[in-house]
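Please look through the sequence and the model below.

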Amino acid sequence: MTHDNKQDTRIRIKFKPKRIFQMRVAGLAFRHGNVLVHRATHEKFWTFPGGRAEMGERSAETLAREMVEELGVEAKVGRLLWAVENFFHYEGKDWHELGFYYLMDLPEGLNFHRTDIIHRVQDGDNELEFRWVAATRKALTELDIPPYFIADEIENLPKTTRHLVWDDGDLDDK
């Protein structure tokens, strides 16, 4: 048997019409009782900052890279809070998202304001905006932040990593 040093670069995904699979990594950064959120300006809902993993990239590396690209700061990626198999309908498609949600620390120099947008950046075709929101169930529910289970746990973060299978439903109805 010969040993082949060629790297297997194939990606194995079964494609189906109107279905998308993605691996998304996001971070929860806290300051003065608030948590940082962001959205693409064309979207009605907010979410936690992060982005899609690239091939060969560890999830913590994805989060650190995204914070440099989107906020221009180096994040200190902490412990993994949730690993989530999230299902939802958005933009006319069914999504299957593998999500990793980390605690993260951002430099104190990053703007802070309790109500205003603190940062905007062009990310491909989308303009992203960032703001701080009270880290409470009430505030996250009012602002409509998926994945929705986080609102129930924001005031009492898990002590160890939790794995969830979750369905955020139809985000086009928002």
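**Aromatic rings and the fold**

At 26% relative accessibility, Phe112 counts as partly exposed, because buried would require a value under 20%. The model in which this value was computed is a predicted one.

To place this residue, start with the whole chain. The chain contains three helices and nine strands, and from the N terminus on their order is β-β-β-β-α-β-β-β-β-α-α-β. A compact globule of 174 residues would have a radius of gyration near 16 Å, and the 17 Å of the chain agrees with that. The C-alpha trace spans about 65 × 35 × 35 Å along its principal axes. Of the 174 residues, 44% count as buried. Among contacts between residues at least 6 apart in sequence, 64% join residues at least 24 apart.

The structure has six aromatic pairs. In one of them, the ring centres of Phe112 and Trp132 are 5.5 Å apart and the planes stand at 50 degrees, so the pair is tilted. Phe112 sits in the loop between β6 and β7, while Trp132 belongs to strand β8, so the pair ties together parts 20 residues apart in sequence. Trp132 is buried, with a relative accessible area of 0%.

For Phe149 and Trp166, the ring centres are 5.5 Å apart and the planes are at 65 degrees, so this pair is edge-to-face. Phe149 lies in helix α3 and Trp166 in strand β9, so parts 17 residues apart in sequence are tied together. Phe149 is buried at 3%, whereas Trp166 is partly exposed at 27%.

Ring pairs also link Phe45, Phe88, Tyr90 and Trp95 into a cluster.

Key: Residues are numbered from 1 along each chain as its sequence is written. This is a predicted model: local features need pLDDT of at least 70, side-chain atom pairs count only at pLDDT 80 or more; totals for chains, interfaces and linings use all residues. Side-chain values use heavy atoms; hydrogens and water are left out. Helices (H or I, at least four residues) and strands (E, at least two) are DSSP runs, numbered from the N terminus. The radius of gyration is taken over C-alpha atoms; the globule rule is 2.2 Å times the number of residues to the power 0.38. Buried means under 20% relative accessible area, exposed over 50%, partly exposed in between (1.4 Å probe, protein chains only). Contact means heavy atoms within 4.5 Å. Rings of Phe, Tyr and Trp (its six-membered ring) pair if their centres lie within 6.5 Å; planes under 30 degrees apart count as stacked, over 60 as edge-to-face and the rest as tilted.
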